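Welcome to a short tour of this structure.

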Amino acid sequence: MSSISLRNITKRFGDFTAVSDLNLEIADGEFLALLGPSGCGKTTTMNMVAGIESASSGDLLFDGKPPTAKRIQDRGIGFVFQNYAIFTHMTVRENLAFSLTVKQRPQSEIDKRVNAMAKRMSIDHRLDQLSGKLSVNEMQKVAIARSAIAEPKVFLLDEPLSNLDASFRAYMRAELKILQHEFKQTMVYVTHDQIEAMSLADRIAIMDRGKLMQVGAPLDVYNNPANVFVAQFVGSPAINLLEGKLVTEGGNSSLHLNGGETISLPPTLAKNFAKSSTDRVVLGIRAQEVKAGSQNSANEVLVHGMVEVIERIGPVRVAHVHTPAGVVKCMQGVDATHVGEALTVSLPESSCLAFDAASGNRLNYMGH
Amino acid sequence: MKTPLSRHLVRYAFLALAVFLVCYPLVWMTTMAFKPYSEWTTVGSGLSWMPRKPTLQNFEFLFYGRAEGLYVTLDKTIFQPFWASLVTSTVGTLIAVVSGTLASYAVVRFKVGASLPLQVLQLRLFPPLAVMIPVMVMWAFLGAVDTWWGLSLMYGIVTLPFAFWLMKTFFDEVPIEIEEAARVDGCSHWRVFWRITLPIVRPGLATCALFVFILNWSDYLLALLLTQKIWVTLPVYMATLTSAMGGQMYGMKAALGLIAAVPPVIFGLVIQKHLVRGLTFGALKQ
Amino acid sequence: MPNNNHSNHTGAPEAVGYWSQVGSSPERLGFWMTLPTVLLLLFIVVFPAIMQVYLSITMWSPLDGTPWYLAYQNFDFPGQYWRALLDEELWNALGRTLLIMVVTIPIQFALGMGLATLFVDEFPGKKVFYSILLTPMMIVPAVTGLIFYLCFQSTGPINNHLGLPVSFSWLTDTDRAMITIMVADIWQWTPLMFLILLAGMLSVPNDQILAARLLGASEVQIFRRIVLPRMKSVIIIVLALRTVESFKIFDSISVMTKGGPGVQTETISYYIYRLTFGDFEWGYVAAIGLSILIGLTVLAVQLLKLGAKPDSNK
């Protein structure tokens, strides 16, 4: 119902810069996840959108215009706090009705809407209970319902699912998605859980230490990370990273890995690495792409090591291959691998990501 | 959301009014204490806040029993009452705080005396005068009237509830894990209390002591009833002196009030931050 | 690790046997630790209570010359109690006490609440203002009486600044004397209300207030629906505290008006004082005292029952 534009937004708390020159456009009706580790500035950013904090500099626009209302009361923004902040001294019904009662809507309308919302969130059996006595899961529903019932143009959620148990979390994720589609609200969702972001969002904006690292669709961010940070943060298990020095002799390039081993590089990869600002580079590859054993292909990179650990993620096995340059996790062809085995792993060139070690930037990134 | 300027201005306006109302009587008394006889009752345009000719005459009168240019003398100077207040307040505080601390800890940790908290509270519930006759008779019988220990004992008893409840709220907040860890290491219950818990609540203990001291120092009624000549405390001295002085002597009265008021105010400022705890009996989740 | 026979490093002589066992046993230690309090309680409650009952059924006065334990010679039950019931002066004194309570407590509460709302956010000079505004509470009540005695003099500052003539008296006027007492009381105790109410206000979780704001509630609505309900227990405590103390009001009256002019400012405490040290009717005073005790206890129990509804805030 409303697009949000953040232009050159900076927020300082004394000497500390929480958010630095943030530029982000959120489309009307989009579900955007603000993803990042603790302290990256995502909550501060959202607080600024809500009006709880004001930006030190920069512009915040809704539908292209600065917010018209002076007080945050009048901005029509739905906000779900991490610890719910439900009014524990009131019943569930009073909580849900709150936004309507303060606007003095007629009682019949209030009752109708409260009952409808309670039904959809499956808390109608709790309507007349004191909200302070609910289970955590139910409190969360009340928090979301309470904000949703006001039909805000923009819905902001601050790590709403982080306090819930795992199974309920999955259920709530689905609920949120349905809610969003139904009301077509612009939703901004703060989380540090990349799985959540990946599964819920239309687009993910990744932040680190106050700066926007990358914004894009989930798969885009996954397959096409703009820098090492994004590559590491998104994806599970975490991406394999091998750092080393690029050495070119004649027409052949090789990577002299930290810790000793030198591996030869296929041409395209070598070309990408050559773009690096210094000769220190990082090679990244997802564990899912790493194959056990040489494939005898021209476009593969081979690394040698020993299997130290076999990790099981559900039915899938991940072999942790210890090489002098670090651990390479391998997920393909490891059904029969056992601990202690010497293993050569093959990294297909097409799946390899090249990074500049100094800046962290991806060397063949084509993005915005 | 920054506070708008208008809100600040309104706030400061009200604050200014409040400060004025608070300070008005205090300033009047303070300045009066330094005014000479001639300025005590000037009316109309002659009335001014600051003394035109500030003098220490009033204080001199109180401390030495007479002052230059005055034909009245005092048969009892301020030293003894001041000392009486000091001694009885201190000893009373000791009694109250020691008993209250020990008992409240036992109630909190050892589950003894479950009815103690309420019983102790009762002591504050009733108007002292309604129950003082037997006490006065008892005191007379014990020869405790007009003695430092008689009054101190009464002070200790009467402020015990505050000490008890205040320390109880502090003990309630000491995590039992700390004490249990010490127990596991072999400390007896007493050692845990003495060596572990007490140091933790030391700031609370200090607050409690100061608060109880202020209460004792402020007492008027009990001293009035239980002292006569020798161990009259400052407030009683002040009251009897003012009645004896009759309608005038405003300067002296003001000086007296100033001297009596200063110690608790100073202590109060020191413990300000902590005052709330005991008074709300833990109703606030901190 | 047994510690019964280790020396205790506090320097006290090593106690073997009973005392070191006490230190380890919660029941015994609890007994000894509560002992001083229990003894003091017993001392001040048991014997005086018995004596009070005893005296209340006599017409004894110390002026009689007989020692108190011979008071039974003047046995008179239920004469003293009847007398109390029919005593007009007693009921008037009670009425005046109630009047003071009914006027001063709401005013103190409103002022205290108002001040508290001013102190919820940060602003420059907050600490200084806070200290200044708490000062009256720390002044000796008798001194407060003196302060206002000085201020309310016909030749004093109040008359002067209000432009009132010297003939306009406060302390000696039958109608206005009560006002001076009330003003002194309000001045003295509003800071206490302020202190406690502020603490209660600050304990209201800030994100609930934020949430309410974001849901569209105005500041007034937030105060009414969120802040006030969550302050309920603190409000009850502070009102109970002040009510109990206000009933006992004595110091300022003794210093400012001595119950006068006439008996216009005579509260129940002062009336009892007059009977005790003016008329020396100690038997009667005992009866009054006991009646008040019983009356207040019954009242307190009733109020506790009322207030013992399940607390919804936690």
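Does Arg109(B) count as buried or exposed? Keep in mind that this is a predicted model. Arg109(B) has a relative accessibility of 18% and therefore counts as buried, since the cut-off for that label is under 20%.

**Around Arg109(B)**

You will find Arg109(B) in helix α3 of chain B, which covers residues 79–110. Setting aside residues up to four places away in sequence, Arg109(B) touches Phe171(B), Val174(B), Pro175(B), Ile176(B) and Glu179(B).

**Where chains B and C meet**

Now zoom out to the contact between chain B and chain C. The size of an interface is often given as the accessible area lost when the parts come together. For chain B and chain C that area is about 8,500 Å², with 78% of it on carbon and sulfur atoms. Chain B brings 99 residues to the contact and chain C brings 97 residues.

Polar interactions can be counted here too. Eleven residue pairs are in polar contact between chain B and chain C, both residues being at pLDDT 80 or more. The number of salt bridges between chain B and chain C is two. One of them links the side chains of Asp121(C) and Arg11(B), with 2.9 Å from N to O. On the side of chain B that touches chain C, helix α1 (residues 5–33) of chain B gives the largest share, 16 residues. By type, the residues on that side of chain B are 71 nonpolar, 20 polar and eight charged.

For a closer look, pick Thr276(C), which sits in helix α13 (residues 268–279) of chain C. Its relative accessible area is 1%, so Thr276(C) is buried. Apart from neighbours within four places in sequence, Thr276(C) is in contact with Ile133(B) and Met136(B) from chain B, along with Trp282(C) and Val285(C) from chain C.

**A hairpin in chain A**

Strand β16 (residues 316–323) and strand β17 (residues 326–330) of chain A run antiparallel and are joined by five bridges. Two residues lie between β16(A) and β17(A), and the pair forms a hairpin. To see how the strands line up, find Val321(A), which stands opposite Val328(A) in β17(A).

Terms used
Residues are numbered from 1 along each chain as its sequence is written. Chains are lettered from A and ligands numbered from 1 in the order in which they are written. This is a predicted model: local features need pLDDT of at least 70, side-chain atom pairs count only at pLDDT 80 or more; totals for chains, interfaces and linings use all residues. Side-chain values use heavy atoms; hydrogens and water are left out. Helices (H or I, at least four residues) and strands (E, at least two) are DSSP runs, numbered from the N terminus. Buried means under 20% relative accessible area, exposed over 50%, partly exposed in between (1.4 Å probe, protein chains only). Contact means heavy atoms within 4.5 Å. Two strands pair if DSSP finds at least two bridges between them. Buried area is the accessible area (1.4 Å probe) that two parts lose on being put together, summed over both. A salt bridge is a side-chain nitrogen of Lys or Arg within 4 Å of a carboxyl oxygen of Asp or Glu. A polar contact is a pair of N or O atoms within 3.5 Å; within protein, one must be able to donate a hydrogen and the other to accept it, and residues adjacent in sequence count only if both atoms are side-chain atoms. Ala, Val, Leu, Ile, Met, Phe, Trp, Tyr, Cys and Pro count as nonpolar, Asp, Glu, Lys and Arg as charged, and the others, Gly among them, as polar.
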